[in-house]
Amino acid sequence: KSASPITCKAAVAWEPKKPLSIETIEVAPPKAGEVRLKVVSTGICHTDLYTLSGQDAEGKFPCIFGHEGGCIVESVGEGVTSVQPGDHVVPLYTAECRKCKMCKSGKTNLCSSVRATQGQGVMPDGTSRFTCKGQTVYHYMGTSTFSEYTVVSEVSCAKVSPEASLEKVCLLGCGIPTGYGAVVNTAKVEEGSVIAVFGCGAIGLSVIQGAVAAKASKIIAIDINNDKFKLAKEFGATDFINPKDYPDKKIQDVIVEQFDGGVDYSFEASGGNVEVMRSALECCHKGWGTSVIISVAAAGQEIKTRPFQLVTGRVWKGSAFGGVKGRTELPGYVENYIKGNLKIDEYINGTLTLEKINEGVEAMHTGKIIRLVVNM
Ligand code: AHE
Ligand code: ZN
């Protein structure tokens, strides 16, 4: 057990809309039930950019963002038994304590053990482990992986095989399970189903992977950028629709006409566009079609449809982190990757050093990038 603070580099967000600032910070030792991690690699997700934009109702500043980490346990706090120094872990923004009402329900992955304090940017005891220039810096999503070292709760650590490269499995911290799990956990897509996915970024591609695994018969990829279809096709999408090719029609009507009354399942991975969420619901087949909302809409946004859509049997759902219970399920995702049954490398457009993280943030804004991985 380690009792001393670690001094290291981190990308600090001092205030909304400003570039991240590479700073020297102090990371306090883990308290009881906590784990200090050496971050080896981290992805950059659109949600990091969203919170940096100042639109996230839970955004706190100054803060260290990042929630797609590939990490090694550096030290553990009192009472920690499930991981030890040297273990490879993926930090979880959706913890899994296995003791709370949510975990015990068997109906959801939304563990409540640390969620309230996590949303306030602090550890469960109400304090932060990060200091910079004498100032307290907040945690983010219970993970804060844009730092060489971070502290997370034990219940937020998915221990995974050390055989897989952390530079790759970091992407299992968000994008991949979120889309894949929405298909296999939330929708429970059956063999032969016709599915549609709105948006072909990291989440949409992961929906496609999940749909291939579930043996969907048709996988319709929808995006307003034709460039996105190349990778979608490589991942297994069978049909491609660009709504811009139908300027005078609602895209849901196009899908209902072209696909025999609509799809069995649709997935909204558009990056939080509530109009797209409506289209995703309304392209579902009457009587049974189910639509799953995956992406995060800005604070204040609301969805709408005619109630008749639901009265006539369509179902509107949503899931966070693909309904994945991280400590239980992520080791299996890593095994699948090792066996060649799960794509991860294909998402990565390039790598960066922490010093260049703002270039990564800018690149994500262009929409041309699926994922960049920052190696610490
Ligand atoms: N803080 C936002 C909500 C953000 C949100 O919905 N987050 C997603 C994960 S985004 C991953 O890139 C999520 O899983 N939420 C479930 C949870 O428990 O936060 C707001 O609107 O206040
Ligand atoms: Zn994310």
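The buried residues of helix α12 (residues 357–365) are covered by elements that include β1 (6–12), α1 (46–52), β16 (348–353) and β17 (371–375), where contact requires C-beta atoms, placed from the backbone, to lie within 7 Å. Helices (H or I, at least four residues) and strands (E, at least two) are DSSP runs numbered from the N terminus. This is a predicted model, in which local features need pLDDT of at least 70 and side-chain atom pairs count only at pLDDT 80 or more, while totals for chains, interfaces and linings use all residues. Residues are numbered from 1 along each chain as its sequence is written, and chains are lettered from A and ligands numbered from 1 in the order in which they are written.

**Helix α12**
- Ile-357, Gly-360, Val-361 and Met-364 are the buried residues of α12, buried meaning 20 or more other C-beta atoms within 10 Å of the residue's own, exposed 12 or fewer, and partly exposed in between.
- Viewed down the axis of α12, these residues fall within an arc of 100°, so they line one face of the helix; the arc is that of the directions from the helix axis to the C-beta atoms.
- Glu-362 and His-365 are exposed residues on the face of α12 turned away from its buried side.

**Domains**
- The protein is divided into domain 1 (6–173 + 344–375) and domain 2 (178–320), with bounds from an automatic or database domain assignment.
- Their contact takes 13 residues from domain 1 and 10 residues from domain 2, and α1 supplies the largest share of the domain 1 side, 3 residues.

Methods
Two residues are in contact if their C-beta atoms, placed from the backbone, lie within 7 Å.
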